[in-house]
Amino acid sequence: MSPEAITTPVVDTAKTPPDRAYSRARAARRRKVLITAARVLVLVAVLGLWELLSRSGTIDPFNFSMPSKIWDQIVTWVTHGTALGSLGEQIWYTLYEALLGWVAGVLAGVVLGIALGRIAFLADILGPYIKVLNSIPRIVLAPIFVIWFGLGPASKVASAVVLVFFPVFFNAFQGAREVDRNLVANARVLGASDRRVTLQVVIPSATSWIFTSLHVSFGFALIGAIVGEYIGATKGIGLLVAQSQGTFNAAGVYAAMVILAVVALVAEGLLTFAERRIFRWKPSGSEN
Amino acid sequence: MSANTSPAIELRGASKTFRTPSGGLHTAVRDLDLTVGRGEFVAVVGPTGCGKSTTLTLVSGLEEPTQGEVSVAGEPVRGVGDKVGFVFQQDATFPWRTVLSNVMAGPRFRGVPKAEAKRRARAWLDRVGLAAFEDRYPHQLSGGQRKRVALAATFVNDPEILLMDEPFSALDVQTRALMSDELLELWEGTGASVVFVTHDLEEAIALADRVVVMTAGPATVKQDFRIDLPRPRKVESVRLEPRFIEIYREIWESLGEEVRITRERGAAHVA
Ligand SMILES: Nc1ncnc2c1ncn2[C@@H]1O[C@H](COP(=O)(O)OP(=O)(O)OP(=O)(O)O)[C@@H](O)[C@H]1O
Ligand SMILES: [Mg+2]
């Protein structure tokens with residue numbers, strides 16, 4: 001008898017929180033559905049308005065195209081390939097250039113940023129030069145790179161690198177500067193050499209700074225690759241834009257933009273995924 | 001030979017002056033003379049902000065004295081050596097390392113093989129009562145648990161010289177008593193020399209061979225009390241001895257005056 005007398009109230013009190021949790025979860029879900037629905041509605045409204053204005057001739061369909069034509073263009077590219085070859089090949093080409101430039105720019109930015117953040121002597125010497133280089137509008141280097149490195153991928157990689165390098169560099173530099181002095185002191189007393197302090201204290205604490213810049217900088221890498229292709233290339237989405245423009249195919253320009261946006265979003269998603277895995281030690285987040 | 005007869009720690013006329021953000025100079029430690037013998041347990045008490053932590057950073061080699069000499073085991077201190085363990089006043093666990101990996105850090109930094117480092121770290125986690133928490137990250141621990149991780153991470157290196165800056169102030173009373181006894185046991189076993197900074201005079205007397213009272217900042221040694229309570233001690237029981245209370249009263253008279261000076265200075269600043 002007595003066990004029952006004990007269990008009953010336990011069940012009773014234990015029942016209320018799950019109930020509340022349940023209703024809260026339901027409210028959260030409802031909110032999510034509502035937001036998604038509203039988002040879709042906004043998209044449909046914008047596309048619908050565009051289509052309508054274009055079809056009715058309020059805006060010039062030749063210049064502004066319309067969503068249905070853009071969609072048709074994408075479908076044609078996917079099914080029949082582009083004038084330059086298959087669509088996949090163009091995407092891959094651009095992605096390859098952007099990725100290569102991004103990796104090189106990030107590596108250079110992180111290494112130099114951490115080095116200058118750790119070695120004040122180096123920072124004092126190179127600091128002004130980096131500031132000057134940063135103030136140059138680097139996108140104008142893209143045509144120069146095409147002249148230097150030709151129509152192949154190298155010139156696009158180079159423009160991606162110069163765009164990626166600076167934000168990553170400044171973040172890594174700042175991250176290395178802002179390391180908790182207590183942690184460095186503790187590591188040194190525990191027996192860490194300067195190299196170990198850099199590798200195992202400075203770099204881990206700078207990673208959140210670095211990751212912030214990685215998000216922005218992948219977008220920059222894509223821009224670098226696209227602009228390079230636009231100026232002169234044999235393959236790639238940037239060339240697709242240039243060619244569509246050359247043949248007065250507005251739908252083609254927009255379709256290429258849509259494809260680019262999808263590529264950028266997928267890359268962003270992958271980066272966020274990697275970030276979650278790396279930052280398991282961070283207090284934020286809902287994980288256990 | 002002289003290395004064996006020389007004291008564990010020796011500060012001679014040590015001063016430390018900091019440059020403040022406003023460009024002025026602030027002397028945290030002035031003309032400090034302090035000698036800690038081999039295997040000696042010295043507690044340091046003094047009013048807040050007087051320069052106790054600064055003194056420890058001088059001994060550890062993390063900071064250089066502006067004037068004077070600091071030597072450890074007869075050798076002048078040049079940078080951080082491998083003899084010293086330092087439990088910091090502030091939280092200094094590595095947030096991106098798990099508890100186990102935090103405790104392994106010291107041995108790993110010193111080139112101990114991974115398996116051996118892990119074994120030693122586990123043994124220490126066991127002693128501080130955190131064996132079940134080894135794969136947590138510091139942000140998932142309480143303040144007291146984090147402090148115990150820091151203690152384990154320091155002890156696992158078997159330091160000859162142990163600098164402890166208010167190591168137990170974040171702990172609850174029970175754990176504190178437990179850790180104090182643990183510390184005494186460890187110290188008696190290894191023969192390490194300890195400098196233990198605390199605001200708790202009872203704790204200072206219960207643990208130490210000598211209690212050093214610092215003046216209001218800039219810190220110098222005001223008075224040096226030898227604690228002649230018999231060892232081995234248990235911190236909870238030693239507090240109840242009449243001799244303990246006698247010593248307490250004597251030291252408090254000296255310390256209380258410095259605390260009052262510091263407080264009056266603070267009030268004068270506000271006024
Ligand atoms: N890096 C620094 N720059 C300027 N002033 C400092 C610096 N570090 C410490 N001080 C000053 O030196 C004095 C002594 O500081 P310290 O940390 O040694 O005090 P403490 O005795 O450990 O105090 P508490 O008991 O509160 O921990 C303080 O007045 C502090 O403001
Ligand atoms: Mg202090």
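Student: What does UniProt list for residues 9-241 of chain B?
Tutor: For that span an unreviewed UniProt entry lists "domain: ABC transporter", and please keep in mind that what we are looking at is a predicted model.

Student: Which strands of chain B make up the open sheet of six, and in what order?
Tutor: The order is β6-β7-β8-β3-β9-β10 in chain B, and the pairing in this open sheet is mixed. At the edges stand β6 (84-87) and β10 (221-226) of chain B, and because each has a single partner strand, one side of each is left without a neighbour in the sheet. From one strand to the next, the twist averages 15 degrees.

Student: And how do β9 and β10 of chain B pair?
Tutor: Strand β9 (residues 210-214) of chain B pairs with β10(B) in the antiparallel sense, over five bridges. If you want a place to look, B:R210 stands opposite B:R226 of β10(B).

Student: Which helices pack on that sheet?
Tutor: Helix α2 (residues 52-60) of chain B packs on the sheet and touches β3 (41-45), β6, β7 (161-165), β8 (193-197) and β9 of chain B, with a direction that makes about 155 degrees with that of β7(B). Helix α5 (residues 143-155) of chain B also packs on the sheet, where it touches β6 and β7 of chain B, and its direction makes about 180 degrees with that of β6(B).

Student: Changing topic, what do β1 and β2 of chain B form?
Tutor: They form a hairpin with five residues between the two strands, and in the turn B:G23 has a positive phi of about 100 degrees. Strand β1 (residues 9-19) and strand β2 (residues 25-36) of chain B run antiparallel and are joined by eight bridges. Along the pair, B:L11 stands opposite B:L34 in β2(B), while B:K16 stands opposite B:V29 in β2(B).

Student: Over to chain A: how do α9 and α10 of chain A cross?
Tutor: The axes of helix α9 (residues 194-231) and helix α10 (residues 237-246) of chain A come within 7 Å and cross at roughly 45 degrees, and α9(A) and α10(A) are therefore oblique to each other. Their contact is made by A:I226, A:E229 and A:Y230 of α9(A) and by A:I237, A:G238, A:L239, A:V241, A:A242 and A:Q245 of α10(A). By class, that contact of α9(A) with α10(A) has six nonpolar, two polar and one charged residues.

Student: And which residues meet where α5(A) packs with α7(A)?
Tutor: A:A123, A:I130, A:L133 and A:N134 in α5(A) meet A:F166, A:F169, A:F170, A:F173 and A:R177 in α7(A). The residues of the contact of α5(A) with α7(A) divide into seven nonpolar, one polar and one charged. Helix α5 (residues 120-135) and helix α7 (residues 153-177) of chain A pack at an angle of about 145 degrees, with their axes 12 Å apart, and the crossing is left-handed.

How values were computed:
Residues are numbered from 1 along each chain as its sequence is written. Chains are lettered from A and ligands numbered from 1 in the order in which they are written. This is a predicted model: local features need pLDDT of at least 70, side-chain atom pairs count only at pLDDT 80 or more; totals for chains, interfaces and linings use all residues. Side-chain values use heavy atoms; hydrogens and water are left out. Axes are lines fitted to C-alpha atoms, for helices over the stretch in contact, and angles run from 0 to 180 degrees between N-to-C directions. Helices (H or I, at least four residues) and strands (E, at least two) are DSSP runs, numbered from the N terminus. Angles under 35 degrees count as roughly parallel, over 145 as roughly antiparallel, 65 to 115 as roughly perpendicular and the rest as oblique. Contact means heavy atoms within 4.5 Å. Ala, Val, Leu, Ile, Met, Phe, Trp, Tyr, Cys and Pro count as nonpolar, Asp, Glu, Lys and Arg as charged, and the others, Gly among them, as polar. UniProt positions are given in the numbering used here, feature names are shortened, and annotations may be inferred rather than shown by experiment. Two strands pair if DSSP finds at least two bridges between them. A crossing is left-handed if the near helix is turned anticlockwise from the far one by less than a right angle, and right-handed if clockwise.
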